[in-house]
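Here are my notes on the model, as numbered points. Please read them with the structure open.

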Amino acid sequence: MIELKSPDQIECMRVTGQFLGRLLAELGDLAAVGVDLMDLEHHARRRIKERGAESCYWDYSPSFGRGPFRNVVCLSVNDAVLHGLPHSYKLRDGDLLSMDMAVSIDGWVADSAYSVIVGTPAEEDLRLIQATEAALEAAIKVARPGNRLGDVSAAIGAVASDYGYPVNLEFGGHGLGRTMHEDPHIPNDGRPGRGFKLRPGLTIAIEPWFARTTNKIVYDPDGWTIRSADGSRTAHSEHTVAITENGPLVLTGRPQRDEGLEGRRESSATER
Ligand code: MG
Ligand code: MG
């Protein structure tokens, strides 16, 4: 069932989304050569607790995975792309790190992800990240009343195709609001003009992710971490978006990097 949200409920989700966007930006700034993944996990736990927010990941036990998940952020390095289980690993020069997090505040959920390169970037990694960001932007642009879910999926698929990256259709975007995963499912490729008609009040997480040379995935023995089947590098970009009468509203925007971490921390203090 697809639940449409009122403008007030969307505003609640935006409050959550702003907190999440800021926290993800902090994690991106902290990610540096020699930093342990668990330091990022602990920073996120601390900030979630301080804010009185709740992690949607903690105790999450889906049919896949060896649940329950006992972390608040998914940290996926290089060929790992989704559900990366935080563990003790010191980031190395040139690592491609994807960070994905979903939290709720006062019962309203936001979900967002992005990829960064730690240290010296390789040209092909920058291009891969750029492709997921361009796909996300293209998908958001068509997330407006009157269009259909197929238009959102097709926009992602078209960018992947332009860049020459294959698309996995198993894991994609989804509705969300009171819980992290709600109807509808939004595959990362599809046919324009098909599927559910978008209308004001629909809130969705749009999340293109690509691996450079495969659309096949494999699971780690931990049951969580999903990698590209051929070991090629991967990237992931996700925003929570509300469809409104005026068009798409991104609820999980991140502060720009030039604001600096201190500025972000100060501004976050005012919302407690
Ligand atoms: Mg996510
Ligand atoms: Mg998601």
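1. Are aspartate 111 and glutamate 238 buried or exposed? Both are buried. Buried means under 20% relative accessible area, exposed over 50%, and partly exposed in between (1.4 Å probe, protein chains only).

2. A word on conventions. This is a predicted model, where local features need pLDDT of at least 70, side-chain atom pairs count only at pLDDT 80 or more, and totals for chains, interfaces and linings use all residues. Residues are numbered from 1 along each chain as written, chains are lettered from A and ligands numbered from 1 in written order, and side-chain values use heavy atoms, without hydrogens and water.

3. The magnesium ion (ligand 2) has four named protein donors: Asp111 (OD), His174 (NE2), Glu207 (OE) and Glu238 (OE). They lie 2.1 Å from it. Donors are N, O and S atoms within 2.8 Å of the metal (3.2 Å for Na, K and Ca); water is not among the atoms, so sites may look incomplete. Along the chain the spacing reads D-x62-H-x32-E-x30-E.

4. Aspartate 111 also bridges to the magnesium ion (ligand 1). The two ions lie 3.1 Å apart. Aspartate 111 sits in strand β5 (residues 108-117) and glutamate 238 in the loop between β12 (234-236) and β13 (239-244), so the pair ties together parts 127 residues apart in sequence. Strands (E, at least two residues) are DSSP runs, numbered from the N terminus.

5. Elsewhere, an open sheet of three strands runs β3-β11-β10, with antiparallel pairing. Two strands pair if DSSP finds at least two bridges between them. The edge strands are β3 (80-82) and β10 (217-219). Three bridges join β10 to β11 (residues 226-228). Valine 218 stands opposite arginine 227 in β11.

Terms used:
Helix = DSSP H or I, 4+ residues; strand = E, 2+ residues; numbered from the N terminus.
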